[in-house]
Amino acid sequence: MHKVIFDTDPGIDDAMALLFLERHPDIALLGITSVFGNASADTTTRNAQFLKREFGISAPVARGADETYDPARPMAPWPVVVHGVNGLGDIEMPETVEDVPLDPRPAYQFIIDTVRENPGEVEIVAVGRMTNLALALARDPEIAGLVKQVVVMGGAFERNGNVTPAAEANIHGDPEAADAVFTAPWKVVIIGLDVTIQTVMTRTVMKELALRGGPAVELLAKISDPYIDFYSQQVDDGMVVHDSCACVYVVAPELFGLRAGTVRVVCGGIADGLTLQKPAGPFFPPSAWDGKPEQQVAMTIEAKKVVDLVAATLAP
């Protein structure tokens, strides 16, 4: 079994990824840690509690960071045009979910404790700002040697970003945190826009899944409808399943082609949040990439197989 902590900012595509993790037979979901991003930390935490209840998830929810790793960094506005004001497509939902208690620990401490309780076994799937992970590393650097792997949805390497020409949203929202995570001495696999943009779940498929996937998938289809409307400017009547791609990598890494090399993040200026990899092999003069661990970046994907696996897991 893959023991997974899901670090997330729900988020419409986060909701699909969460249900995938809960329903895949080879995954044991150890916990859900919230972080600001698609909405405030208050909202994303409430959304995580709501989804835990509606999806019948037993794993605990721990509230995460509500500001950037560098507190001096200005906070970006919430992407309400993408995920709605409430982060879940503005479906009708309660202001609070009091019947789903939170783990008493902050997310970074939950991560530290869970990793230490399961040395060498925990896989962290991070699909939002990487602030919780950076905070955990800062407080207990030794956990880097105890984590099996970190799978990140974020970044753009051979294509433009989606919030600026340079940067993808998860990285742009907290570049300092991302740089800390990518340069730490643990295994990181980055599933970025280079591959996720190729994975499209159509409205027709979502409706078909809702018919056989039970109330949880019916809710997911309802949440996803405005997300599909947003993506109409980019794809034909479907949505890109960014976050689910990182989850699929955990159980089917053979569907991805990876490139090794040190990864750094630009922090500041017009290229704020740009992810740059120094590929393994070519010679470069001394630079800020030297002495950092090589990480893996997804450059190819078998997109149809990824989407089919997501669909089959959501509604077997």
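Which residues of β4 are buried on one side, and which on the other? Let's find out by walking through this model, which is a predicted one.

Start with strand β4, which spans residues 122-126. On one side you will find Val-122, Ile-124 and Ala-126, and on the other Glu-123 and Val-125; all of them are buried, and both faces of the strand are covered. Five of the five residues of β4 are buried, so the strand is largely enclosed by the rest of the structure. "Buried" here means a relative accessible area under 20%.

Now look at the strands that pair with β4. Strand β1, residues 2-8, runs parallel to β4 and is joined to it by five bridges. To see one of these pairings for yourself, find Lys-3: its bridge partner in β4 is Val-122. Strand β5, residues 149-153, also pairs with β4 in the parallel sense, over four bridges. Here you can pick out Glu-123, whose bridge partner in β5 is Gln-149.

Next, move along to helix α11, which covers residues 242-251. Are its residues mostly covered or mostly open? Ten of its ten residues are buried, and the helix is mostly covered.

Another strand worth a stop is β9, residues 256-265, where Thr-262 lies. Is Thr-262 buried or exposed? Its relative accessibility is 6%, and therefore Thr-262 counts as buried. Who are its neighbours? Leaving aside residues up to four places away in sequence, Thr-262 touches Leu-276, Gln-277, Lys-278, Trp-289, Lys-292, Pro-293, Glu-294 and Gln-295.

Finally, let's see how two helices meet. Helix α9 (residues 203-212) packs with helix α10 (residues 214-230) at an angle of about 165°, and their axes are 7 Å apart. Because of that angle, α9 is roughly antiparallel to α10; the cut-off for this description is an angle over 145 degrees. The crossing of the two helices is left-handed. On the α9 side, the contact is made by Arg-203, Met-206, Leu-209, Ala-210 and Arg-212. On the α10 side, the residues taking part include Val-217, Leu-220, Ala-221, Ser-224 and Ile-228. Sorted by class, the contact between α9 and α10 holds seven nonpolar, two polar and five charged residues.

How values were computed:
Residues numbered from 1 in each chain as written. Predicted model: local features only at pLDDT ≥ 70, side-chain atom pairs only at ≥ 80, totals over all residues. Heavy atoms only, no water. Axes fitted to C-alpha atoms, helices over the stretch in contact; angles between N-to-C directions. Parallel < 35°, antiparallel > 145°, perpendicular 65-115°, else oblique. Left-handed = near helix turned anticlockwise from the far one by under 90°. Contact = heavy atoms within 4.5 Å. Nonpolar A, V, L, I, M, F, W, Y, C, P; charged D, E, K, R; others polar. Buried < 20%, exposed > 50% of the residue type's maximum accessible area, 1.4 Å probe, protein only. Pairing = 2+ DSSP bridges.
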